[in-house]
Amino acid sequence: MNAGAAPATRRRLPTGWLLLAPALLLTGVLLIGLGQMLELSLHELDLSNYRLKPEYSLANYETVLSRPVTWRVLLRTFAGAGLVTLATLILAFPYAYLLVRTPSALVRKALLVALFLPFFIGQVVRAYGWLIILGREGLANAVLTGLGLPAQDLLFSYGTVLFGLVQYMLPFAVLLLIPALAAIPDDIERASEGLGANWPSTFLFVLLPLARPGLIGASVVVFTLTLTDFAMPEILGGGTQDFFASAIYDAFFQISNAGQGAALAMLLTGLGSAVVAVIFILAGTGTLGFRQSR
Amino acid sequence: MTRDVPNPPTLMPDAATAPPMVEIQGVSKRFGDTVAVADASLTLERGAFLTIVGPSGCGKTTLLRMIAGFEHPSAGRIRIHGADVAALPAHKRAIGMVFQRLALFPHMSAADNIAYPLRRRGHAKAGIAARVEEMLALVRLDGLGERRPHELSGGQQQRVAIARALAFGPDLLLLDEPLSALDRHLREGMQLEFRRIQQDLGVTTINVTHDQREALVMSDQIVVMNHGRIEQASDPHTLYREPQTRFVASFLGVTSLFAAEVAAADGDRLTLRVGGETLRGRGLAAPGDAVDCAIRAEHVTVAPAGTPPREGGNTLPGICERVIFEGDRSAVIVRLPALGDRPVSAFAPAAAGLSAGAPVAVHLDPDTLFAFRATTKEELP
């Protein structure tokens with residue numbers, strides 16, 4: 001008999017699944033956490049003993065949704081995330097484009113170093129840095145007064161928070177755009193030019209559509225990171241420009257209402273996921289470079 | 001080795017009243033310390049098909065990109081239609097180009113690719129649809145307009161690329177080795193197809209390739225480049241028969257090269273002295289010149305020793321070294337004592353009954369034995 005029959009029946013090692021296991025484990029932990037958060041959000045705080053009531057109810061959601069402040073902070077957070085995403089992409093695109101297309105190795109190295117350097121400085125440290133630069137006695141106002149202009153209150157405004165966030169998000173967006181732009185052969189741009197398109201047309205009709213996977217990826221990452229950001233609005237906003245994460249923090253640690261905090265967290269997670277889902281549905285997962293399903 | 005080509009041969013002299021379609025005068029291009037193109041001059045008449053051929057890195061693509069407007073000459077002048085194009089950006093030159101990797105827009109259908117130049121040039125909507133249909137028919141892709149490039153075969157993508165380049169009716173078509181990625185069978189088909197389309201439309205074309213066969217098959221005029229310089233510019237027949245430099249000769253597949261001295265010259269008929277023997281050949285040289293002689297294997301005939309010599313001489317004794325049976329004929333490598341025992345490639349009828357080691361009579365056809373001034377060692381490719 002053929003001895004080769006034995007290996008055919010031997011079970012093959014599920015290598016693929018084994019390699020996936022650590023990632024699945026991590027995702028599993030996150031899902032468990034999410035489940036606990038959901039469970040927590042369904043228990044109302046009992047003000048008589050300051051413990052969560054054992055019975056399930058939607059009371060936390062009712063309270064949270066009925067308060068105008070929730071909607072105000074929600075709007076500020078989502079609008080901020082949208083604006084930051086837009087501004088970041090507008091700034092990141094030329095940066096990534098130059099980095100990919102420059103014929104000078106020196107320029108490319110300089111751009112790469114400038115891109116990675118901020119990663120060595122944490123967000124909180126960076127926010128405090130801006131606090132010093134933009135403060136009443138800071139560098140920015142020193143320049144303004146030096147030019148004979150009146151000093152400005154630059155801190156604790158919505159604009160400053162968004163500025164800090166854009167500055168923080170820029171490297172992420174550039175990193176996600178680089179592979180997308182590098183995948184576009186420069187002959188494609190030359191072809192467009194040779195066929196009679198000036199640069200704005202080439203950008204609009206060729207470069208932008210072909211860079212779509214990178215743009216979608218970068219906007220999803222920047223949008224979700226901004227949506228859940230805590231430090232920048234907290235520090236640069238000085239409590240006047242709270243984002244939703246601050247509201248969640250306050251519910252947990254200022255008023256010690258874990259149920260309500262969990263409800264707020266679920267609200268943010270749900271709405272954020274919905275936005276990302278809409279982006280993916282509109283753009284199609286194929287734009288991220290996955291094989292197009294037919 | 002560089003020959004001055006002050007008046008490169010031009011084709012279609014009847015069109016002499018109009019300015020030539022392309023006129024390149026003393027164009028050079030330097031990238032830092034490297035000279036990509038050195039003092040290139042050529043003229044191309046309307047409707048002609050010119051191929052620039054040479055090994056990779058010879059500057060042919062750089063020259064093409066300068067014509068297209070993607071690179072700017074460091075020196076010299078490029079005229080299209082008699083007008084200097086130095087200040088004209090690529091998108092304002094009426095030039096269609098097919099790129100090496102085709103550079104089709106992957107996010108657009110074949111029809112949209114072809115319509116792209118028409119839209120960017122502001123053609124009327126109704127006209128565009130009709131023109132796209134016309135171009136699809138020209139390249140025999142009727143009915144495939146809605147396919148994306150990745151849904152088309154390699155040959156079909158080539159057709160889309162050429163249709164796109166020609167859609168807006170350019171004065172000039174530039175081909176940057178678009179056929180090099182295809183397998184040999186498909187490539188040969190597309191060479192004839194490109195030539196057909198070019199002749200149908202009468203569009204002036206400059207093709208760049210490293211394939212000497214492609215150059216001979218497709219062109220009215222061939223420019224051979226090496227190390228950034230134009231070695232020779234002529235029609236395919238002249239180029240093939242009468243290479244002017246050692247490089248051109250070896251690039252065009254001349255298998256046997258040897259040194260000789262000119263004994264006498266009568267027009268382009270030369271009497272050559274080599275190793276004590278006298279040979280007749282052709283070329284432009286003066287008595288006393290040291291020359292290199294080139295001859296193709298198909299112009300060397302080998303017969304068993306003792307065969308009565310052919311009329312007109314040019315028969316030398318040799319030793320048969322190898323015989324390679326090729327069916328209808330045999331490829332033979334012979335050594336000629338007169339040429340310092342240099343191996344010379346030849347063909348013999350399969351029935352000649354040659355075997356290795358046999359003494360043979362080697363006849364070198366005087367009409368195709370071509371001599372050109374010898375090059376110094378460091379100029380050799």
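**Aromatic pairs and charges over rings**

1. Over all chains, the structure holds 14 aromatic pairs. Rings of Phe, Tyr and Trp (its six-membered ring) pair if their centres lie within 6.5 Å; planes under 30 degrees apart count as stacked, over 60 as edge-to-face and the rest as tilted. The model is predicted: local features need pLDDT of at least 70 and side-chain atom pairs count only at pLDDT 80 or more, while totals for chains, interfaces and linings use all residues. Residues are numbered from 1 along each chain as its sequence is written, chains are lettered from A and ligands numbered from 1 in the order in which they are written, and side-chain values use heavy atoms, leaving out hydrogens and water.

2. A:Tyr97 and A:Trp199 form an edge-to-face pair, because their ring centres are 5.9 Å apart and their planes stand at 75 degrees. A:Tyr97 belongs to helix H4 (residues 68–101) of chain A and A:Trp199 to helix H10 (residues 199–210) of chain A, so the pair ties together parts 102 residues apart in sequence. Helices (H or I, at least four residues) are DSSP runs, numbered from the N terminus.

3. A:Tyr97 is buried, at 18% relative accessible area, whereas A:Trp199 is partly exposed, at 46%. Buried means under 20%, exposed over 50% and partly exposed in between (1.4 Å probe, protein chains only).

4. In chain B, the charged end of B:Arg329 sits over the ring of B:Phe347, 3.5 Å from its centre. The criterion is NZ of Lys or CZ of Arg within 6 Å of the ring centre and within 35 degrees of the ring normal.

Terms used
Helix = DSSP H or I, 4+ residues; strand = E, 2+ residues; numbered from the N terminus.
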